[in-house]
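My notes follow in the order I took them.

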Amino acid sequence: MEKMEKLYHDLIRINSVSGNEKEIAYFIGQKLEEMGLEPHYSQYKDMENSITVSTRLDSGRSGKKMLLIGHTDTVAFGEGWDTDPLEPTIVGDRTYARGAMDMKGGITAILETMEYFVNHKDEFDGEIIAAFVADEEVLSRGTYQLAAEGLEADFAIMAECRFDNVAIGFRGRYSIDVSVFGKAIHSQYYPDQGDNAIIRAGMLAAEIEKLPTLTHPNLKHGTWCVRHIQGGNPNALVVPERCDMLVERFVVPGETYETCEKQLKDLVVSLGIEDKVQIKLRPRELPYMESFSIPADLDIVTVLQKNYKDVVEKDLPASYDLSVCDSNILAVTLDIPTVTFGPSGGNMHGANEYGYFDQVVACKEIYIRTVRDMLR
Ligand SMILES: [Zn+2]
């Protein structure tokens, strides 16, 4: 078997479900050492089984810094597989396994790109940084850890699985706790006495989903979704005095948590229930992802598109993603213009996930050409 395909399969065979990225990090670190690169291991707080590994390749000449980044973790295997999710199974041009699409192909392409430049240091100026991060599928602790360690670059390729287009904008997302209060009383006295928090929350929920959002030419618009609701006691004859809702808010550039909270506060004031409602951003161990979009005419975008066309002989349209990923952290928190493009497949996060190895090969070639063009 060709060396690159073996690497892809070796990565797949290592179980790296989120929270368990130590073995794959050390495997990648060993590959880097074999190339002559120095692995740098990062651990987030006390998560000793969840390790991020990164490295840098310095040309020895001054220049810009290019970051190639991907996550090593996968979602859990789940049920319903026709094959062993840890054993790459080739059917036609597909390779079935967990991580075959998301995103051990991208990791393979980055490693191969690094090896190419170790052997062709004369082909670039400045520095190439490669990062293989843990925990992307959970809280992005790996990327936040690298951010805390001072990761910086002039541009980045996030090798996430999307091969037919390059994402240059993502929405952001917040989880907001909205608590509605009423007045408890034995339910025999209701409705003459007592005040039902569930009914008030239900009416408020309907109004929340009618709230406007900003629009964006490519990211469509934000959304309001009342995603969870809880209140009352099914085992007691008591009028509910409290009802808690989780409101999920996707945002587009121009919308922040502050603007969303103001919309909610204005709404409850207009309904005359401001003293019966509490609105709070749900606490999160790490910051929420904010929305971003980079100009479609930036070099990192157009150079990637040109190289894709040369290699794949098709156009690579710029696209916009309605959800969030580690690219949000790179682009917003670290201010690194980031394109999201890598080998893809199908059944992402589901049973019978598969990747296309020929896309992994193509991405290696496209990454090499793009690094070469950008670091000159
Ligand atoms: Zn992914």
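**Helix 7 and helix 9**

I began with the contact between two helices: Asp-299, Ile-300, Val-303, Leu-304, Asn-307, Tyr-308, Val-311 and Val-312 of helix 7 meet Ala-362, Glu-365, Ile-366, Arg-369, Thr-370, Asp-373 and Met-374 of helix 9. Two residues are in contact if their C-beta atoms, placed from the backbone, lie within 7 Å. Helices (H or I, at least four residues) and strands (E, at least two) are DSSP runs, numbered from the N terminus.

I noted that this is a predicted model, in which local features need pLDDT of at least 70, side-chain atom pairs count only at pLDDT 80 or more, and totals for chains, interfaces and linings use all residues. Residues are numbered from 1 along each chain as its sequence is written.

Next I looked up the geometry: the axes of helix 7 (residues 299-312) and helix 9 come within 9 Å and cross at roughly 135 degrees. Axes are lines fitted to C-alpha atoms, for helices over the stretch in contact, and angles run from 0 to 180 degrees between N-to-C directions. Helix 7 and helix 9 are therefore oblique to each other; angles under 35 degrees count as roughly parallel, over 145 as roughly antiparallel, 65 to 115 as roughly perpendicular and the rest as oblique.

**Helix 1**

I then asked which residues of helix 1 are buried. In helix 1 (residues 3-13) they are Leu-7, Tyr-8, Leu-11 and Ile-12. These four lie on the same side of helix 1 because they cover an arc of only 135 degrees around the axis, the arc being that of the directions from the helix axis to the C-beta atoms. Lys-3 and Lys-6, on the other side of helix 1, are exposed. A residue is buried if 20 or more other C-beta atoms lie within 10 Å of its own, exposed if 12 or fewer, and partly exposed in between, with C-beta atoms placed from the backbone.

I traced what the buried residues of helix 1 pack against: helix 2 (22-35), helix 3 (104-118) and helix 9 (357-374). With helix 3, helix 1 packs at an angle of about 135 degrees, the axes 9 Å apart.

Last, I followed an open sheet of four strands, ordered 4-5-19-18 with antiparallel pairing. Its edge strands, strand 4 (89-91) and strand 18 (345-346), each pair on one side only. Two strands pair if DSSP finds at least two bridges between them. Strand 5 (residues 94-96) and strand 19 (residues 354-356) run antiparallel and are joined by three bridges. Arg-94 stands opposite Tyr-356 in strand 19.
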